[in-house]
Amino acid sequence: MDDKKISRRTLLGGVIAAAVVPMKATFAKEIQKGLPLDEEIREDPTKVIGLGPSAVGKRATFEAPIRKFSETSSRTPLQDFYGTITPSDLHYERHHAGVPNIDPNQYELLIHGMVESAMKFTLADLKCFPSVTRLCFLECAGNFRTGKEELTPQDVLGLTSQSEWTGVMLSTLFREVGVSPKATWFLAEGSDAAVMTRSIPMEKAWDDAMIVYAQNGEAMRPEQGYPARLLLPGWEGNMNIKWLRRLEISDAPYMTREETSKYTYPVKDKIRMFSWEMDARSIITYPSYPQKVQRGWIEIRGIAWSGRGVITRVEISTDSGKTWADANLQSPVLSKAHTYFRYLWSWDGSPTEILSRAIDETGYIQPSLKQLTDARGAGGGYHMNPVTAWQIKADGTTWFKPEKA
Ligand SMILES: Nc1nc2c(c(=O)[nH]1)N[C@H]1C(S)=C(S)[C@@H](COP(=O)(O)O)O[C@H]1N2
Ligand SMILES: [Mo]
């Protein structure tokens, strides 16, 4: 009984003493400096009222993901993401003549050519049509960089991003203008200084093409084509014309600069033209350069996608490509969308290489760089989607494994 009392009194005394000492120090310093709050207290979030609400939110001051950019493109920081949505302000960019400043009140989309009645649609008109929301990736056909060990996922494959897009199905608009049953192609034209144009086969319009005006729940960003762009799920980025102002319906392709001098390339003794679909591929985003790992359990994470449909499997190798095992795919697995994968690996501390390989619903298996070059010749160029590896060295550092084509 006595013992208990004593210990209780001691305990209380201890607590009071601990609480009083810093308070005294604080008041003393406050008087000295004339400042409202001592730094020791400011560090403890339970001792000060936090920031109030604001008009627009910001990232935590400790988080600073950035796009790496040049004059004509910016690469998305894949290694900084969890899951599959690219924050809109970090979406990759590729523009051939800068981002135009388009007044949404002046905006018009003309649809003409082989139609019953040519029509112009304002942005408000577009928004009046039944709308559709869809998650899908966008990827530049030139997405792949190799060459040195000091490359991050952003450097290697940063020309792909994923958003939730909202807009109107192109088929809805094509029915509205009465597209001729004889039409087989249409031209899409942008209103930037590049006046970017591409020919697109009519099947894509009747399938899943959209005119989108919203990205991740708000109006699309200027960099992505504000106020409206063409969205061709799964097809090479270049055809997804931004700042879209005109669609001309026809029965032949237009042979524009972007489909003859660009995006057409030699494959051995042939010329590959009109290669629209993005082939299945994947990348491990954790662990990756310049992250460091420790011996023990590591959750390997990354994304896989295919322009031809859903990803059915992602295989992981943790022994430099000798053996492969299935990763877990995060559901729901969506068609033509980045798919998050995870694989639990117990690292024993010995140097190795980790790789990922995507397989899509058509049975297509992401090739090695050797398979690609054997099939296509050493030309390189567009649509390079080889399996890539990260080397884990004995000290736990992670490096890109550059391979020469
Ligand atoms: N009008 C117009 N559309 C364009 C381009 C452009 O320069 N102008 N760039 C194309 C290319 S090459 C790509 S990869 C994608 C990039 O889209 P993003 O900048 O929204 O990521 O837009 C395509 N659409
Ligand atoms: Mo592109």
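**Cysteines and pockets**

With a disulfide taken as a pair of cysteine sulfur atoms within 2.5 Å, the count here is 0 disulfides. Before I go on: this is a predicted model, where local features need pLDDT of at least 70, side-chain atom pairs count only at pLDDT 80 or more, and totals for chains, interfaces and linings use all residues. Residues are numbered from 1 along each chain as its sequence is written, chains are lettered from A and ligands numbered from 1 in the order written, and side-chain values use heavy atoms, without hydrogens and water.

Are Cys136 and Cys140 buried or exposed? Cys136 has a relative accessible area of 0% and Cys140 has 8%; both are buried because that means under 20% (1.4 Å probe, protein chains only).

Now the pockets. A pocket is an open set of points on a 1 Å grid over the protein atoms alone, where a 1.4 Å probe fits, with protein on both sides within 12 Å along at least five of seven lines; lining residues have an atom within 4 Å of a point. Volume is the space filled by probe spheres set on the points, which are joined across faces, edges and corners.

The largest pocket holds about 330 Å³. Its lining has 16 residues, with Glu63, Gln79, Asp80, Phe81 and Tyr82 the closest to the centre. Domain 1 (73-269) and domain 2 (281-400) both contribute to that lining, so the largest pocket lies between them; the bounds come from an automatic or database domain assignment.

The second largest pocket holds about 210 Å³. Among its lining residues are Gly52, Lys58 and Arg59.

Conventions
Buried < 20%, exposed > 50% of the residue type's maximum accessible area, 1.4 Å probe, protein only.
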